[in-house]
Amino acid sequence: MYQEERIQQMQQLLEQRKRLSKKEIMEAFQISADTARRDILEFLKTGMAVRTHGGIMLSEDSSRVLTFGERIGIHKPEKERMAARVLEEIAENSTLFLDVSTTLLLAAQKLTKMCTVYTHSLDNAFALGMNPKIKVHLLGGEFNHEDRFFFSVRSLEEMDSIKFDICFIGAASLEKEGIFFKEQNNALIKQKVVKQSRQVVLVAENQKFSKEAQYKGANYQDIDCFITDKVLTSKQQAYFEDQTEIIFEEETI
């Protein structure tokens with residue numbers, strides 16, 4: 001089992017038990033004390049836990065939404081599987097929107113189909129710009145250094161004249177009231193993109209149900225397809241409309 005996979009399972013155990021000792025981690029994953037120590041140090045980087053004598057405990061700040069830089073590399077195997085499914089949803093010669101998202105960045109890096117892509121993500125634009133088959137439109141404005149996207153009122157107005165065949169949006173948090181984001185400007189972009197798209201695909205890991213953010217960018221009834229990394233609970237499933245296609249990209253053994 002890769003470290004990224006153990007980190008994800010440690011998160012699940014910690015959410016259940018609130019506290020884990022190093023011995024419990026060793027027994028749960030059949031790993032050595034040194035490996036458990038390295039896993040603990042890596043898990044602490046997520047901000048979901050604090051160190052205790054002999055282990056870790058759930059942080060009071062575990063609902064904090066991580067920055068783009070903090071999210072890169074976390075749950076990477078799951079993100080790669082989700083990104084691969086995103087690529088399957090993209091048709092040749094389509095016009096699409098790709099959100100600022102570490103999972104969607106992986107998709108952008110591997111996209112080879114001839115298409116037109118709009119994005120407000122600097123990293124997406126750079127990755128897509130490596131392929132001459134792809135027409136890239138980077139929506140401009142002021143750059144948000146922490147979460148690496150551009151915003152301007154002019155870019156919102158520009159999208160009034162565009163109809164996307166499909167858009168792929170991420171999420172900072174998935175809450176009962178809708179799909180939320182950390183920054184108001186980022187949420188405004190999602191509101192516009194959803195309105196201008198024939199098909200809306202939400203791409204987010206299950207752990208986003210445990211996060212909290214401030215600004216709503218979309219409602220669940222807006223979502224035509226949800227690509228995630230594990231089976232939803234009945235409570236989570238109830239957020240979505242019956243017609244929403246839910247795709248679980250779980251690891252196959």
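**Figure 1. Salt bridge between Glu89 and Arg85 in a predicted model.** Glu89 and Arg85 form a salt bridge, with 3.3 Å between the closest N and O atoms; the term requires a side-chain nitrogen of Lys or Arg within 4 Å of a carboxyl oxygen of Asp or Glu. Both residues belong to helix 5 (residues 76-89), four residues apart, about one turn of the helix. Helices (H or I, at least four residues) and strands (E, at least two) are DSSP runs, numbered from the N terminus. A network of salt bridges links Arg85, Glu88 and Glu89. By the salt-bridge rule the count comes to eleven. The model is predicted, so local features need pLDDT of at least 70 and side-chain atom pairs count only at pLDDT 80 or more, while totals for chains, interfaces and linings use all residues. Residues are numbered from 1 along each chain as its sequence is written, and side-chain values use heavy atoms, with hydrogens and water left out.

**Figure 2. Salt bridge between Asp147 and Lys182.** The side chains of Asp147 and Lys182 meet at 3.2 Å, N to O, in a salt bridge. Asp147 lies in the loop between strand 7 (142-144) and strand 8 (149-151), and Lys182 in the loop between strand 11 (178-181) and helix 9 (184-195), so the pair ties together parts that are 35 residues apart in sequence. Asp147 is buried, with a relative accessible area of 5%. Lys182 is partly exposed, at 21% relative accessible area. Buried means under 20% relative accessible area, exposed over 50%, and partly exposed in between (1.4 Å probe, protein chains only).

**Figure 3. Salt bridge between Arg6 and Asp39.** The side chains of Arg6 and Asp39 form a salt bridge of 2.5 Å, N to O. This pair links distant parts of the chain, with Arg6 in helix 1 (residues 3-17) and Asp39 in helix 3, 33 residues apart. Both Arg6 and Asp39 are buried.

**Figure 4. Packing of helix 2 against helix 3.** Helix 2 (residues 22-29) packs on helix 3 (residues 33-44) at an angle of about 110 degrees, and their axes are 9 Å apart. Helix 2 is therefore roughly perpendicular to helix 3, a class that covers 65 to 115 degrees, with under 35 counted as roughly parallel, over 145 as roughly antiparallel and the rest as oblique. Axes are lines fitted to C-alpha atoms, for helices over the stretch in contact, and angles run from 0 to 180 degrees between N-to-C directions. Lys22, Ile25 and Met26 in helix 2 are in contact with Ala33, Ala36, Arg37 and Ile40 in helix 3, where contact means heavy atoms within 4.5 Å.

Figure 5. Three strands form an open sheet in the order 1-3-2, with antiparallel pairing; two strands pair if DSSP finds at least two bridges between them. Strand 1 and strand 2 are the edge strands, each pairing on one side only. The twist averages 25 degrees from one strand to the next. Strand 1 (residues 19-21) is joined to strand 3 (residues 55-58) by three bridges. Arg19 stands opposite Met57 in strand 3, and Ser21 has Gly55 as its bridge partner.

**Figure 6. Hairpin of strand 2 and strand 3.** Four bridges join strand 2 (residues 49-52) to strand 3, and the two run antiparallel. Arg51 has Ile56 in strand 3 as its bridge partner. The hairpin has two residues between its strands, and Gly54 in the turn has a positive phi of about 90 degrees. Helix 3 lies across strand 2 and strand 3, at about 140 degrees to strand 2.
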